[in-house]
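Please have the sequence and the model open while reading.

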Amino acid sequence: MSDIQSYPGSKMVTLSSLRPYGNNSRTHSQSQINQIVASIREFGFTNPILIADDMTIVAGHGRFLAAEVLGLDKVPCVKLSGLSETKRRAYVIADNKLAEQAGWDKELLSLELGSLDRSDFNLEVLGFSEKELAKLLQVETDEGDVVPATDPDELAVIATCANAEEQQAAYDLLAANGYTCRTASLKGVVERG
């Protein structure tokens with residue numbers, strides 16, 4: 001891949017000059033490295049590796065391993081100058097752990113995945129397993145029926161309502177204007193009207 005570019009604040013650094021942090025407690029399976037490889041091929045190297053002044057990797061060990069698989073000579077890096085040794089070691093852990101704390105709005109995720117799927121985008125490069133994708137591309141209604149997340153010919157408007165009364169008022173307004181509506185909750189999509 002010769003089209004790897006640096007981004008503002010990053011510099012292209014020779015891969016062989018980087019040193020993985022020996023005490024990095026985060027592990028990367030070959031399967032995950034392959035996912036990162038696929039992501040870099042699809043989207044480019046969009047997330048620079050974070051390094052210390054001595055060229056030790058602070059964050060981005062998985063991207064480093066993927067770059068090795070891809071045979072890249074240089075990768076974009078951002079140098080984190082001014083961190084004490086203790087703070088640098090702590091950040092190696094924090095960078096990985098904090099990312100785990102994020103969640104998903106599963107309804108919005110299902111809508112986005114459905115839209116990408118209908119656009120013939122290869123969903124495999126997103127990092128979800130086939131089983132996860134199959135589950136995310138459908139929703140369960142309150143009645144227990146499993147339906148596609150969206151109809152292929154529909155566009156969606158999503159409104160967040162404070163309570164059931166607001167949801168009903170929004171539904172009634174849209175339905176009165178000729179729109180086919182669905183209401184959604186954390187339990188799934190419910191057909192109405």
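F121 is partly exposed, at 22% relative accessibility. Buried here means under 20% relative accessible area, exposed means over 50%, and partly exposed lies in between (1.4 Å probe, protein chains only). The model is predicted: local features need pLDDT of at least 70, side-chain atom pairs count only at pLDDT 80 or more, and totals for chains, interfaces and linings use all residues. Residues are numbered from 1 along each chain as its sequence is written, and side-chain values use heavy atoms, with hydrogens and water left out.

**Aromatic pairs**

A pair of aromatic rings is described by the distance of the centres and the angle of the planes. Rings of Phe, Tyr and Trp (its six-membered ring) pair if their centres lie within 6.5 Å; planes under 30 degrees apart count as stacked, over 60 as edge-to-face and the rest as tilted. The structure holds two such pairs.

| Pair | Centre to centre | Angle between planes | Class |
|---|---|---|---|
| F43 and F121 | 6.1 Å | 25 degrees | stacked |
| W104 and F128 | 5.6 Å | 55 degrees | tilted |

F43 belongs to helix 1 (residues 30-43), while F121 sits in the loop between helix 4 and helix 5 (130-136), so this pair ties together parts 78 residues apart in sequence. F43 is partly exposed, with a relative accessible area of 41%.

With a relative accessible area of 60%, W104 is exposed, whereas F128 is buried at 15%.

**Helix 4**

Helices are DSSP runs (H or I, at least four residues), numbered from the N terminus. Helix 4 covers residues 106-118, which is 13 residues. From first C-alpha to last it reaches 18 Å, close to the 18 Å expected at 1.5 Å a residue; the expected span is 1.5 Å times one less than the number of residues. Buried residues of helix 4 are L109, S110, L111, L113 and G114. After the helix comes D120, which has a positive phi near 60 degrees.

**Cysteines**

A disulfide is a pair of cysteine sulfur atoms within 2.5 Å. By this rule there are zero disulfides. C77 is buried, at 3% relative accessibility, and C161 is partly exposed, at 29%.

Technical notes: Helices (H or I, at least four residues) and strands (E, at least two) are DSSP runs, numbered from the N terminus.
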